[in-house]
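This report looks at one helix and at a set of annotated positions. Please have the sequence and the model at hand while reading.

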Amino acid sequence: MTKPARYNRIAFVASPSSEAQTAFGQLTRDYGNCDPKDADVVVALGGDGLMLQTLHQNMHSGKPIYGMHRGTVGFLMNEYSTVDLRARLEAAQESEINPLLMRATDVNDRVHLHHAINEVALFRQTYQAARLRILIDERERMPELIADGIMVATPAGSTAYNLSAQGPILPINAALLALTPISAFRPRRWRGALLPNTAYVVIEVLEGDKRPVAAVADHDEVRDVRRVEVLSDKTISMRMLFDPGHSLEERILREQFGY
């Protein structure tokens, strides 16, 4: 008995680049194009920026996302091909990820809620380094960090900005978060910490009037924050599809060995 196909209705989305738009035209001619709300799967054509945008847009839909590389950076994407796409989708392996929830309170006591798939990061807004206090699960762990900033990264985001800041690469299924300083001045030798993904992280800004700090959840920025709370949002699960042998877990493992 033939197994029914899971991914008959495909929604294609593409970045504005000519390469991605050409791919969009060819694939929609070959396979049609559904509205994302009616689709079985969303196929993103571009780079990692488009993949993050697509994941954010479909965060609450539960629909699987399959990316094909037609952009600049393609860590989260599969190789591009127009051949037998439905068979590739049926054979794809699924990785499930949870976003971070950022609750940022600014100096005017306004509260801003944003989700992040890669990381929540705090940055100094001026030439002066930020002074930050770090609490984990409501217990003070560092009374003062003087640095350009700090971030909380997910396993999916550990190979992005976190890695550039000398943070650790986390296996995709690891129940961990990376807490990574950005150009730490004091304590000079502190390289960050690995936290359980159940951790409730609070970062308080000291001397915020003199040393203002911005908080960014992926691409959503809040200026002049005085307190930022971060936790893994287990109420949201996002499904990413990867070709066999090229799963997100395999890509992260490869990155640790430099290829």
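Which residues in α1 are buried?

## Basis of the model

This is a predicted model, in which local features need pLDDT of at least 70 and side-chain atom pairs count only at pLDDT 80 or more, while totals for chains, interfaces and linings use all residues. Residues are numbered from 1 along each chain as its sequence is written, and side-chain values use heavy atoms, with hydrogens and water left out.

## Helix α1

The buried residues in α1 are Ala20, Ala23, Gly25, Leu27 and Tyr31, where buried means under 20% relative accessible area, exposed over 50% and partly exposed in between (1.4 Å probe, protein chains only). Their cover includes β1 (10-14), β2 (41-46), β3 (65-69) and α3 (85-91); helices (H or I, at least four residues) and strands (E, at least two) are DSSP runs, numbered from the N terminus.

After α1 comes Gly32, whose phi is positive, near 80 degrees.

## Annotated binding site

An unreviewed UniProt entry places the feature "binding site" at twelve positions, among them Asn118, Glu119, Thr159 and Ala160; such annotations may be inferred rather than shown by experiment. The annotated positions span 117 residues in sequence, and the farthest two C-alpha atoms are 25.2 Å apart, so they do not all gather at one spot.

Thr159 lies in the loop between β9 (139-153) and α4 (161-164) and counts as buried at 15% relative accessibility. Not counting residues up to four places away in sequence, Thr159 touches Phe75, Ile169, Ile252 and Glu255, contact being heavy atoms within 4.5 Å.
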